[in-house]
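Keep the picture open while you read.

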Amino acid sequence: MKHTLLLAAICIGLILCAVGYSDSQYRTALGRQAPDFYVDNGNGRVSPASLRGQYALLNFWSSTDAPSRTSANIYTAWHRKNPDKQLKLVSVNFDDSENLFREIVRLDSLIPAQQYHAGGDTARAISNNYGLDEGMGSLLIGPDGRILAHNPTAEELDNILANH
């Protein structure tokens, strides 16, 4: 009887973990509305809902996640080369230290107005809603607030924006 209850408890635990994981993946599936959040960088507050009516690239990065830091630089370079493209770049950093974040923005010559720092409860909520526990990433959001692409390349950005 004890073994049966233990086995049942383990199975229920695994199911709950799987549902939690699949739910965060489902929330950021292509075609879904981007989960909402708010971040402020001192120059203004932004949220996916406030970006409706325009294309937006939400880039989530951290200095401890090398691929995501590189993507922040790649997207900034793309944005500098394409200033006339109708795309709002919102780069959200998850470093524990806001001072480290500010120093990296300066060292990497990122555009400060596009950079936002999320810490504490805000960072945890965004990470949970966007399924970022397995690593950082980016999402291209359409004018209607729906997710169009995950981790788009510069070429994919060019193609999507040229066709819309």
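Which residue lies over the face of Tyr38? That's Arg45, at 4.2 Å from the ring centre. For a charge to sit over a ring, NZ of Lys or CZ of Arg must be within 6 Å of the ring centre and within 35 degrees of the ring normal.

## What you're looking at

This is a predicted model, where local features need pLDDT of at least 70, side-chain atom pairs count only at pLDDT 80 or more, and totals for chains, interfaces and linings use all residues. Residues are numbered from 1 along each chain as its sequence is written, and side-chain values use heavy atoms, with hydrogens and water left out.

The protein has five helices and seven strands. Both are DSSP runs numbered from the N terminus: helices are H or I with at least four residues, strands are E with at least two. Read from the N terminus, the order is α-β-β-β-α-β-α-β-α-β-β-α. Of the 164 residues, 40% count as buried (under 20% relative accessible area, with a 1.4 Å probe and protein chains only; exposed is over 50%, partly exposed in between).

## A strand under cover

Let's zoom in on β3, residues 55-61. Seven of its seven residues are buried, so the strand is largely enclosed by the rest of the structure. In a regular strand, side chains alternate between the two faces of the sheet. Here Tyr55, Leu57, Asn59 and Trp61 take one side, while Ala56, Leu58 and Phe60 take the other.

## Its neighbours

β3 pairs with β4 (residues 87-93) in the parallel sense, over seven bridges; strands count as paired if DSSP finds at least two bridges between them. In this pairing, Phe60 stands opposite Val92.

The structure holds five aromatic pairs. Rings of Phe, Tyr and Trp (its six-membered ring) pair if their centres lie within 6.5 Å; planes under 30 degrees apart are stacked, over 60 edge-to-face, and the rest tilted. Phe60 and Phe94 make a tilted pair, 6.0 Å centre to centre with 45 degrees between the planes. They sit 34 residues apart, with Phe94 in the loop between β4 and α3.

Trp61 and Phe101 are 6.1 Å apart at their ring centres with planes at 45 degrees, so this pair is tilted. Trp61 lies in β3 and Phe101 in α3, so the pair ties together parts 40 residues apart in sequence. Trp61 is buried at 0% relative accessible area, and Phe101 is buried at 4%.
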